[in-house]
Amino acid sequence: MRAALSPSRAADFKQCPLKFRFRTIDRLDEAPSPAAARGTLVHSVLEEVFELPAAERTPEAARALVPGRWAALVEERPELATMLADDASLTHESWFSAAERLVDRWFTLEDPSRLEPAQREVKVETEVDGLVLRGIIDRLDVAPTGQVRVVDYKTGRAPGAGFEGKALFQMRFYGLVIWRRTGRVPDLLQLVYLGDGTIIRYEPDEADLLGLERNVRAVWAAIEQAVTTRDFRPNPSRLCGWCDFKPLCPAFGGTPPELPETIEIITPEATPGDDQDSALP
Ligand code: SF4
């Protein structure tokens, strides 16, 4: 069993152990969704825009990147083009307009002509007592004073008051990885919600990140327990409505495939825009 966790997979297990199993042990295919594909496209544009000279990072220039970034994504993942073509509820025009609106909204929240990120779409990984923690950070800013800011883009809407915990779990997870790698607690964790133009900022400290580390260890211990007992229970919630595995889920009358004799958990590296849940309506 590979002891590795990303924030997305840890969140999966916390939300529903059976969904975690389907994704990381059975590794069942999931159909791409229009919202997730748009999230990936927008992330790609916001990454690419920093290739332009600072003064040219305008909304018009960013929108002009959309067709090229989409073509590159489709070359990598042709199923995305098929998904758009097959979805009768969508027109190409409305789907791309929605992506452009998200790009436009970013410019109302941040000014990329005044930003020079230290790193973009950076893969981070660290090991805590044999458990690998990994993820991908959309943007890392380092101020001339040395202050570090971790930035993540979400193409959905910000969670309501009192429901920020799940999103902050991901950011605190990144904060922990950076702290363990560099010895410095990031000064600011920043979530940029393009769906409704909201920014959530959070200043972590060591005590907070130690608490997060205990939380992640507890999640991993629970995963090990589920592996030992071969028991990954469904945990029905409102999120089941967006779960591709519903037909196989006993909570909805389905039958999961047999677990393999030797259980191997593969936690793939996250991909930019791996924020489907936040893009839910
Ligand atoms: S349908 Fe719901 S309970 Fe079943 S696996 Fe998916 S998230 Fe879990």
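This report walks through the fold, surface and one residue of a predicted model.

## Ground rules

Residues are numbered from 1 along each chain as its sequence is written.

## Overall fold

The protein chain holds eight helices and six strands (DSSP runs numbered from the N terminus: H or I of at least four residues for helices, E of at least two for strands). Their order along the sequence is β-α-α-α-α-α-α-β-β-β-α-β-β-α. The radius of gyration, taken over C-alpha atoms, is 19 Å, close to the 19 Å that the globule rule (2.2 Å times the number of residues to the power 0.38) gives for 281 residues, so the protein chain is as compact as a globular protein of that length.

The C-alpha trace spans about 60 × 50 × 35 Å along its principal axes. Among contacts (heavy atoms within 4.5 Å) with a separation of 6 or more, 71% join residues 24 or more positions apart.

## Burial

Of the 281 residues, 47% count as buried, meaning under 20% relative accessible area with a 1.4 Å probe, protein chains only.

## A look at Q15

Let's visit helix α1, residues 7-15, where Q15 is found. Q15 counts as buried, at 14% relative accessibility. Its side chain makes a polar contact with the side chain of K19 at 2.9 Å (a pair of N or O atoms within 3.5 Å; within protein, one must be able to donate a hydrogen and the other to accept it, and residues adjacent in sequence count only if both atoms are side-chain atoms).

Terms used
This is a predicted model: local features need pLDDT of at least 70, side-chain atom pairs count only at pLDDT 80 or more; totals for chains, interfaces and linings use all residues. Side-chain values use heavy atoms; hydrogens and water are left out. Buried means under 20% relative accessible area, exposed over 50%, partly exposed in between (1.4 Å probe, protein chains only).
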